[in-house]
Amino acid sequence: MESSKSLKRFIIIFINVVIMTGILVFVVLYSGFKNRDSYRRQIEHFENTTVTMEQVTANYLEGEQRICDVWARYINGKKMTVNEAAEYIRASHVLENTSAHVVLLDSLTGLSTRPKLGTADEYAVSYDRLNLLNDVKWVNEIGKSINITRAYTNPMNGEQSLAFCNKITLIDKESGSEKAAVLLRVIPISELEKKWVFPQTELVNAELSMIDSNGDYILKGYGFKNSSFFEFYKSYNPTDPESSNKLFEKITSSTGSVTMTDSHEQECILAFTPVSATDGWTMLGLVPAKDLNVKSGDRALVAVISTGLLILFLSDLVYVLYFNKRLKIAARRAESANKAKTDFLSTMSHDIRTPMNAIIGLTAIAEKNTADEESTKESLRKISLAGNHLLTLINDILDISKVESGKLKLSPLTFSIVETVENLVNISQPMIKEKNIEFSFHINQIETEYLYTDQLRLNQIYINILSNAIKYTEPGGKVSVDLREEKSDVPGCVRLTYVVSDTGIGMTPEFMENMYKPFSRQVDSRVNSIQGTGLGLAITKQMVELIGGTIDCQSEQGKGTTFTVVLDITAADRQRDDMQLDPVDVLVVDDDETMLATAADTLSSLGATVEQARGGLEALGMIEHRHQSGRDYNVIIIDWKMPDIDGLETIRRIRSEIETKIPILLVSAYDWSDIEDKAKAAGANGFVSKPLFKSTLYDKINALIGKESASVEPEDDYSDLKGLNILVAEDNDINWEIISAMLSMFGITTERAENGRICVDMMKAAEKGSYALIFMDVQMPEMNGLDATRAIRKLEDPWASSIPIVAMTADAFSENVMACLDAGMNGHIAKPVDIKLVIKEIRRIKEDRV
Amino acid sequence: MKMKKAISLILSAAMVLGMASCSPAKQKTEDKAFKPALDTSTSCDIKIAGGYDNFEALETEFERFNAYYPNAKLVYTKIDDYNNMIGTVLNGNDAPDIYFNYSWMYGRDKYKSSIDHAENLADPALKLDLNCIRSNIILKTSDGTLPMVPVFSNTYGMLVNQNLFEKEGLKVPTTYQELVKVCNAFREKGYENPIMGFTKKETTSLFTLTIYPYFFSTIAKDAGAVEKLNSMDASAGEYMRPSLEKIKQFTTDCSVDLKSCDEIKNNYEAVILRFFKGDVPMMTCSGDTVSGTKKRESRSEEFIANSFKYTFVPVPMSDDGAVFADMANLQFSVNKDSKNLKMANEFMRFLITQRELSEMAQNKGLMSPTKDLSFNSMYAAFGKVPESRILSPEVIGVSDDAVVQLRQAGFRVGTGKMTVDEAVASYGKLEQ
């Protein structure tokens with residue numbers, strides 16, 4: 001899989017690189033083509049310029065030669081002597097830097113038109129040692145061609161010069177005979193060089209030379225080396241004699257260009273063209289090839305394109321890699337979430353099947369044992385427990401669904417914290433008992449009994465934390481709960497601090513980082529069997545935060561965990577009246593010092609006189625002593641589990657040894673249902689669960705001493721519900737039967753509509769006030785609950801259209817709740833229905849209607 | 001452990017010693033490296049005038065100079081009829097910055113201008129490393145100034161085909177006896193011409209080349225003889241007798257085939273091409289001729305077909321060994337009126353060093369004027385000649401005219417046109 005991905009990545013990168021390379025190759029090739037084309041045109045241009053220079057040169061040479069020709073013709077025509085000829089030219093010669101020499105061929109001496117350097121009148125000139133005029137075959141007849149010497153040193157002034165020549169005939173004055181002579185029009189090369197440069201600025205490094213048919217320089221540019229161009233070429237361009245001879249023939253006979261290497265070993269272009277009107281001379285132009293082959297612009301273009309493509313490629317690559325990384329993370333998360341959900345479903349399947357097994361199995365047992373009432377009752381009790389467990393599971397799922405969609409809402413109402421704690425202890429007892437865990441529950445300063453918040457959520461918070469502590473504590477371990485009331489910073493509130501400590505498996509720091517996330521459960525070989533949804537802590541934290549409290553956890557793996565929940569809860573307006581007992585003497589017996597102290601405080605605050613005994617034997621002594629002195633205690637409160645003799649034994653001895661009828665309350669933090677019979681037999685008058693709340697003690701003591709307490713149990717009075725008539729839209733017969741029976745227990749009458757359509761029809765036909773509200777199932781034949789609700793809301797009768805409608809459905813997810821509310825319903829109760837919730841909902845609706 | 005410690009101590013000591021011994025040497029090298037004294041961006045044309053048609057070795061050298069002064073440009077100009085024209089050129093519009101000069105022009109009115117225009121190169125302010133040049137060929141004027149410094153030197157000797165010597169198991173001779181033996185040995189092995197040379201004209205003929213150094217060794221310490229020879233006194237002819245007799249003896253002892261030698265048309269290219277045929281173990285010639293060998297290797301079909309190693313050695317005409325006739329070949333002067341005098345001097349300061357002179361001489365194929373001749377293997381044998389046997393004709397002071405008499409006499413005796421007695425008697429009257 002991984003290698004396949006790598007292969008795909010490689011292919012994509014490869015394709016990108018191929019495309020980029022293709023573009024670059026194209027650009028380079030195209031640029032190269034353009035360069036070559038440009039280079040070729042530049043070479044042509046250079047050739048043309050050389051030809052132009054040749055024409056300019058030829059014109060110049062012809063012009064100079066023509067002057068020489070004119071002089072020669074005149075001299076020949078006039079039959080002059082050397083002196084006369086020199087005098088004639090001197091007279092007609094006006095250019096400052098040029099001169100003319102008339103040289104007799106027999107002696108190679110003659111006269112110059114200008115005096116020798118450094119003299120004023122020395123005009124004699126000798127070419128005897130110059131090897132220039134020894135052979136004058138190259139000097140053609142007048143007007144036939146340009147007759148020009150090689151560069152030579154002017155014997156009169158030492159300047160390097162060229163001379164245009166003509167053969168002339170002079171007369172020897174003495175003998176009168178004719179003498180062959182040569183007329184030289186001498187021009188300094190420095191003068192020529194001033195004119196003889198390439199005109200274009202781009203050819204600043206180009207140089208010119210002129211060679212004769214043997215390759216010898218007539219005029220030599222700086223870059224041309226050796227005394228012969230052919231030698232120069234051969235020195236730096238090794239080639240075989242045949243090839244070089246062919247090349248030299250080509251150079252001296254045609255116009256064109258070739259590439260050659262100069263003395264600096266740089267590639268040059270040599271342009272050549274014959275000089276017209278000369279005898280086999282060739283004009284040569286030499287320029288470094290790089291001067292013609294300007295590529296910098298193209299290089300910049302290639303560089304820019306390359307860089308651009310590279311940046312594009314890299315940025316795309318980085319972006320794609322980044323995007324892939326993000327996708328991978330998302331995929332990993334999805335995978336992880338999926339796995340978590342799979343695990344969750346697997347767990348759920350297990351968790352549902354277990355109680356379902358109990359329900360089905362126990363139902364079968366109950367059916368077979370219908371004659372045995374006790375056995376059937378026990379089976380039903382256990383079925384109920386299993387059902388409740390199932391409900392808890394489903395509620396958890398609903399809660400997390402609400403939490404995740406942010407639709408978890410509080411439903412505050414007035415409740416008793418005492419009731420809540422009792423409920424908490426009661427719920428915990430079976431597990432504590434099963435696991436044989438040492439359990440203690442201390443309350444502290446609980447002065448405000450009635451509070452106003454969402455009791456259900458508060459219960460959930462407290463139960464979740466406590467049940468976790470019990471769940472993750474091994475048998476024989478210890479779980480303690482501390483609940484205290486403190487003054488809150490929030491006006492009208494009390495601060496409840498709920499601390500649950502256990503000696504359980506604890507948590508790793510890594511787990512603690514994620515423990516509030518859904519579906520997370522601590523893994524430990526010792527707790528593999530622990531059942532749970534992994535949603536509890538997530539829900540708890542959300543709820544704590546929703547109520548505006550804090551949750552804190554301290555844990556050490558292997559040592560235990562302490563959860564602390566701090567909540568500021570509004571104190572209810574209604575509180576118990578001032579609870580004061582008639583003067584009574586109370587003996588509290590317990591081995592737990594804290595318990596003794598809190599009980600003593602509570603009883604004292606109720607106006608009782610309290611004595612304490614730290615064990616059964618001590619208590620017996622104190623009771624006996626009081627009995628003998630005729631001052632019996634009014635009430636004795638004895639803890640069940642004590643180290644020397646337990647509560648039951650103590651009661652038994654009190655009754656047998658002292659023979660007193662003092663009311664005795666047996667106190668326990670454990671489930672005392674198992675010992676109820678034994679306790680009654682031993683002589684206990686009542687039972688009270690730890691922790692000992694003020695109101696509980698007040699009620700119990702008053703009950704024992706024969707005085708009705710003024711306890712107010714607002715939640716247990718259902719008289720307000722009597723006579724209510726509710727319309728239940730339910731297609732399922734069993735469900736209808738259940739809800740109908742349940743509501744009838746509270747004196748509520750019900751009417752049934754088998755589907756939405758019937759429900760709407762019944763509402764249309766109903767008289768005002770016929771129904772207090774409607775419980776509406778959602779999924780029904782013909783017309784579902786949502787459509788029925790919408791139809792009812794559209795009824796003309798204001799009473800009918802505004803009747804409270806509460807969904808009662810197995811569609812229990814948050815989106816289902818929202819769909820119900822959107823359809824116009826006023827509330828939502830999930831199946832299986834909790835009758836307490838149903839009653840609560842009825843009351844809420846009723847109150848709202850009022 | 002102790003061993004390791006000892007080794008590390010030894011290595012450390014060696015390193016310290018090595019560093020100590022290396023540092024001064026490095027310092028010395030750095031000190032000798034050329035450091036530009038002018039603005040390196042200076043732009044100018046340095047005109048150098050001479051009699052050579054072209055001077056590629058100088059161009060190459062100038063390119064090395066261009067590494068320091070990239071904008072300085074060399075313009076070399078060949079002057080026609082150089083010796084006669086240079087005076088005029090120096091006074092004209094085309095006056096060069098540096099020019100060829102020759103010490104034989106000292107004291108001659110005709111060449112006065114060439115000497116007068118020259119800067120005194122012995123001036124310490126110029127910082128020329130004159131010590132690298134053999135003192136024999138640094139020739140000052142009578143008033144102690146140094147108008148020119150040699151950039152090439154010349155001598156006479158013979159090209160030796162090393163392959164033939166190796167093939168025949170013979171050693172290059174260092175004394176006259178050895179020379180005779182080697183010649184005979186080659187003859188015996190079937191070599192028709194163990195030694196050859198140009199004999200068509202007296203100029204740098206085989207006779208001059210062989211006898212010239214020998215002659216100077218016979219008169220070097222005899223000031224009276226030099227005086228007499230220079231005065232063209234007829235009796236001075238006797239001073240030539242030993243040398244002329246040696247010529248006769250040499251041609252006989254070494255079986256020199258004059259007829260074959262006569263077939264060599266000139267004293268330069270023809271000599272080289274004949275030698276490149278590969279059948280002549282020894283070929284007399286001057287350093288000037290040697291300078292042309294490299295270029296002509298590719299022009300000789302025989303040499304291309306059968307190339308061989310060769311070198312240039314002195315001809316041992318004496319039993320005591322060979323004499324190295326040390327002569328300045330080409331000298332440079334700086335025009336003191338140069339428009340680019342500073343740059344011209346800077347180039348001279350760059351050039352006049354052991355390394356640069358050796359480089360340029362090697363490129364030209366001529367002998368370097370420097371004391372150390374090992375740079376070019378072709379001339380290395382001359383560097384091994386003891387100082388006592390290195391003689392400079394110009395230091396000895398024999399005039400050109402006297403040398404011409406010797407040359408003529410040697411040629412005539414060698415070719416059999418005169419007897420030794422006739423030649424001796426003709427001293428002062430022999431004409432070219």
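Just after α18 of chain A, A:G747 takes a positive phi of about 80 degrees. α18(A) covers residues 733–745, 13 residues in total, and at 1.5 Å a residue should span 18 Å. Its end C-alpha atoms are 18 Å apart, so expectation and model agree.

**Chain A overall**

Chain A holds 23 helices and 28 strands. Of its 850 residues, 33% are buried.

**A six-stranded sheet**

One open sheet in chain A has six strands, in the order β3-β2-β1-β6-β5-β4, with antiparallel pairing. Why do β3 and β4 of chain A each have one side without a neighbour in the sheet? Both stand at the edges with a single partner strand each, so one side is left without a neighbour.

Inside the sheet, β5(A) and β6(A) run antiparallel and are joined by 11 bridges. One partner pair is A:S161 with A:P188, the latter in β6(A). Helix α2 of chain A packs on the sheet and touches β1, β2 and β5 of chain A. The direction of α2(A) makes about 165 degrees with that of β1(A).

The elements of this region, by residue range:

| Element | Residues |
|---|---|
| α2(A) | 82–92 |
| β1(A) | 99–104 |
| β2(A) | 109–112 |
| β3(A) | 124–126 |
| β4(A) | 152–153 |
| β5(A) | 160–171 |
| β6(A) | 178–188 |

**Where chain B meets chain A**

The contact joins 17 residues of chain B to 17 residues of chain A. Which elements give two or more residues to the chain B side? They are α2 (56–66), β2 (72–78) and α3 (82–91) of chain B. α3(B) gives the most, with five residues. By class, the chain B side has four nonpolar, seven polar and six charged residues.

**Confidence**

The model scores ipTM 0.80 and pTM 0.56. Chain B has a mean pLDDT of 88, and 92% of its residues reach 70 or more. Residues 1–31 of chain B are another matter: there the pLDDT is below 50. Beyond near neighbours in sequence, this stretch has zero contacts in the model. Where pLDDT is low, predicted coordinates should not be read in detail.

Notes:
Residues are numbered from 1 along each chain as its sequence is written. Chains are lettered from A and ligands numbered from 1 in the order in which they are written. This is a predicted model: local features need pLDDT of at least 70, side-chain atom pairs count only at pLDDT 80 or more; totals for chains, interfaces and linings use all residues. Helices (H or I, at least four residues) and strands (E, at least two) are DSSP runs, numbered from the N terminus. A residue is buried if 20 or more other C-beta atoms lie within 10 Å of its own, exposed if 12 or fewer, and partly exposed in between; C-beta atoms are placed from the backbone. pLDDT is the predictor's confidence in each residue, from 0 to 100. Two residues are in contact if their C-beta atoms, placed from the backbone, lie within 7 Å. Ala, Val, Leu, Ile, Met, Phe, Trp, Tyr, Cys and Pro count as nonpolar, Asp, Glu, Lys and Arg as charged, and the others, Gly among them, as polar. Two strands pair if DSSP finds at least two bridges between them. Axes are lines fitted to C-alpha atoms, for helices over the stretch in contact, and angles run from 0 to 180 degrees between N-to-C directions. The expected span of a helix is 1.5 Å times one less than its number of residues.
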